[in-house]
Amino acid sequence: MSKVGRFLSNIWQERQLNQSMNESAGLKDINAAYAGLEPYSLGTYETEGLKRRDRKSIYTAYKVMMQDPTIHAALNLLVAAALGGHESRGEIVFINPSDEVTGEGKRANELRNMVMKEAPYLQSLLNKNVFTLCRNAIGHGDGYMRVYPKSGVGISHVICNEQLDPPLIQAYERAGRTVGFHVLEINNMEIRKISELSTHQILRMKMQRTQPLPQFRMDNILTPQLLQEDDLDKVGVIPSPVGGSFLQAVEEPWTSWALNFTALNTQQIADSVNHQLLTLDMSGMPEDSRRVYKKGLQETIQKQQEKTRKALQGGKEIYETHYTLFPVYGEKQLLSPLGNFTQRTAPMSLDLVMTHLKRGIGALGLDLSLVGWMELISGGLGDGGAFHTSAQVATLSVLIRQALTETLNQFCIMHFAYKYGVIYDEKNLPFKIEFYSDISAAATEALNNKNTRANTATLTASAIQIIKDLGMCKDANMYFLDELMGIDQIKAQTIADSIDKAQKKAEAAQREEAGGVPAHHGQQEGENNDDEGI
């Protein structure tokens with residue numbers, strides 16, 4: 001038995017001995033008092049920030065956010081960064097034979113030819129809808145597309161439009177697996193009807209629920225103990241909760257930003273309205289005349305405001321000269337202005353507004369310079385702001401591609417099943433989904449990492465060559481590699497041993513040329529020493 005085998009055998013025997021001597025504790029050993037307190041100690045409090053909401057309120061908030069131009073641009077940018085696209089044709093999804101069917105066998109040739117034959121047709125169906133599908137998925141947490149499969153033909157048509165808007169669809173799950181859908185259909189007469197569709201009619205792009213979203217759920221009342229059942233077929237079917245949206249963490253800063261921006265915009269408009277305060281001396285005017293004069297003055301000011309409003313809308317009032325006549329009695333009836341009622345004394349600031357906006361866009365992993373705020377750009381796209389945020393975008397791109405790839409695999413499996421009558425296992429697919437990622441953030445980050453590694457390897461090799469040419473002893477080489485270059489000690493030891501072995505070979509070769517000890521004798525001696533060290 002080898003040394004490794006004896007080592008593992010001793011570990012297993014020692015572990016079995018410890019288990020036989022010490023009986024493991026189980027659930028039956030837990031004090032009952034703990035179980036009595038846990039229903040009241042587990043979970044979190046329902047604070048203002050963790051307030052539960054109904055499904056409609058959550059989706060309404062997301063819809064309002066997606067109408068904002070900054071959020072709209074951010075979501076589009078995240079999808080484009082994740083999917084990429086061909087530079088000339090604009091294609092996004094590419095279906096190619098998997099690595100398992102690249103051999104020369106008969107079965108491999110059949111599968112490869114089948115995939116290559118169907119790939120252009122499937123790509124044409126998907127590329128028209130995949131961007132909308134991903135956009136809906138990251139905005140709402142789920143994206144849906146309606147497929148129309150037909151026996152002997154496969155999937156003949158795909159739609160992904162407003163009829164499949166995620167707020168209109170309720171997915172149902174069993175232990176996290178989608179089993180069907182209820183779809184709200186509304187006609188022109190506002191008659192509402194629920195349609196029941198299966199997983200062969202609607203495909204769901206489900207984003208990962210990386211963070212739970214507080215919400216009201218019916219399954220907590222109807223099926224309160226879902227985790228207790230071990231048999232998957234007996235687990236209850238429940239409505240899928242809302243979650244997975246990229247806007248979940250952006251909602252609070254966006255609400256604060258929208259409120260502050262509205263207040264700032266309203267104040268700016270209010271400051272543009274010139275509201276003068278006037279005093280009127282009517283001491284020498286009779287009582288009835290005062291009443292008529294006062295009423296006429298108020299009507300005149302109101303008419304002037306209306307004329308100003310029409311002038312701002314491009315009316316003819318902007319081209320005319322307006323006259324207002326005031327009758328006076330002697331020299332006492334005078335209008336004296338006191339000043340502008342709405343004039344500000346301090347300038348307005350965007351600091352608070354921008355703070356909330358930066359928090360929201362930062363939650364999406366983007367830079368403000370990438371979503372329209374070009375005055376904040378730092379060094380140019382690809383070299384400044386985009387360069388420093390590409391890693392953050394790549395992180396979200398992984399989530400998008402993961403969810404989309406699973407959906408597209410189901411799409412292709414369904415097509416081959418209806419057309420060829422064969423259902424392929426997801427673990428052994430004859431095809432693979434690929435993206436043209438040269439323009440995506442993930443590919444940019446990967447290429448940068450490869451270039452950095454290549455440059456590091458080149459510099460390290462040059463340094464090792466210099467050490468070798470210096471002809472220092474093994475300990476000096478080890479000190480140079482470990483202390484000065486910062487290479488890991490074990491790796492530095494391996495390199496130092498290799499340099500020392502190469503130096504001995506070179507010295508042996510020199511002695512052989514000078515008529516000394518043959519080169520092969522020194523080489524064998526070095527090899528034997530190495531074997532003894534191992």
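In the predicted model described here, R146 lies over the face of Y148, at 4.3 Å from the ring centre, where a charge is taken to sit over a ring if NZ of Lys or CZ of Arg is within 6 Å of the ring centre and within 35 degrees of the ring normal. Residues are numbered from 1 along each chain as its sequence is written, and side-chain values use heavy atoms, with hydrogens and water left out. As the model is predicted, local features need pLDDT of at least 70 and side-chain atom pairs count only at pLDDT 80 or more, while totals for chains, interfaces and linings use all residues.

A pair of aromatic rings is described by the distance of the centres and the angle of the planes. Rings of Phe, Tyr and Trp (its six-membered ring) are paired if their centres lie within 6.5 Å, and planes under 30 degrees apart count as stacked, over 60 as edge-to-face and the rest as tilted. Six aromatic pairs are found in a search of the whole structure. The pair of Y144 and F181 is edge-to-face, because the ring centres are 5.7 Å apart and the planes stand at 85°. Since Y144 lies in strand 2 (residues 142-150) and F181 in strand 5 (residues 177-186), this pair ties together parts that are 37 residues apart in sequence; helices (H or I, at least four residues) and strands (E, at least two) are DSSP runs, numbered from the N terminus. Both Y144 and F181 are buried, where buried means under 20% relative accessible area, exposed over 50% and partly exposed in between (1.4 Å probe, protein chains only).

A tilted aromatic pair is formed by F416 and F431, with 5.8 Å centre to centre and 40° between the planes. F416 lies in helix 11 (residues 385-420) and F431 in strand 11 (residues 431-435), so the pair ties together parts that are 15 residues apart in sequence. F416 counts as buried at 1% relative accessibility, and F431 counts as buried at 3%. One aromatic cluster is formed by F416, Y420, Y424 and F431.

Strand 2, which holds Y144, pairs with strand 3 (residues 154-159) in the antiparallel sense over five bridges, two strands being paired if DSSP finds at least two bridges between them. Within this arrangement K150 stands opposite G154 in strand 3. The hairpin of strand 2 and strand 3 has three residues between the strands, and G152 takes a positive phi near 85° there.

Strand 5, the strand of F181, belongs to an open sheet of four strands in the order 6-5-4-8, with antiparallel pairing. The edge strands of this sheet are strand 6 (192-197) and strand 8 (238-239), each of which pairs on one side only. Strand 4 (residues 169-174) and strand 5 pair in the antiparallel sense over six bridges, and the bridge partner of A171 in strand 5 is F181. The loop between strand 4 and strand 5 contains A175. Most residues other than glycine have a negative phi, whereas phi of A175 is near 55°, a positive value in a residue other than glycine.

Elsewhere, A73 is placed in helix 4 (residues 69-83) and counts as partly exposed at 26% relative accessibility. The C-alpha atoms of A73 and L370 are separated by 8.5 Å, although these residues are 297 residues apart along the chain. Y34, in helix 2 (residues 32-41), counts as exposed at 53% relative accessibility.
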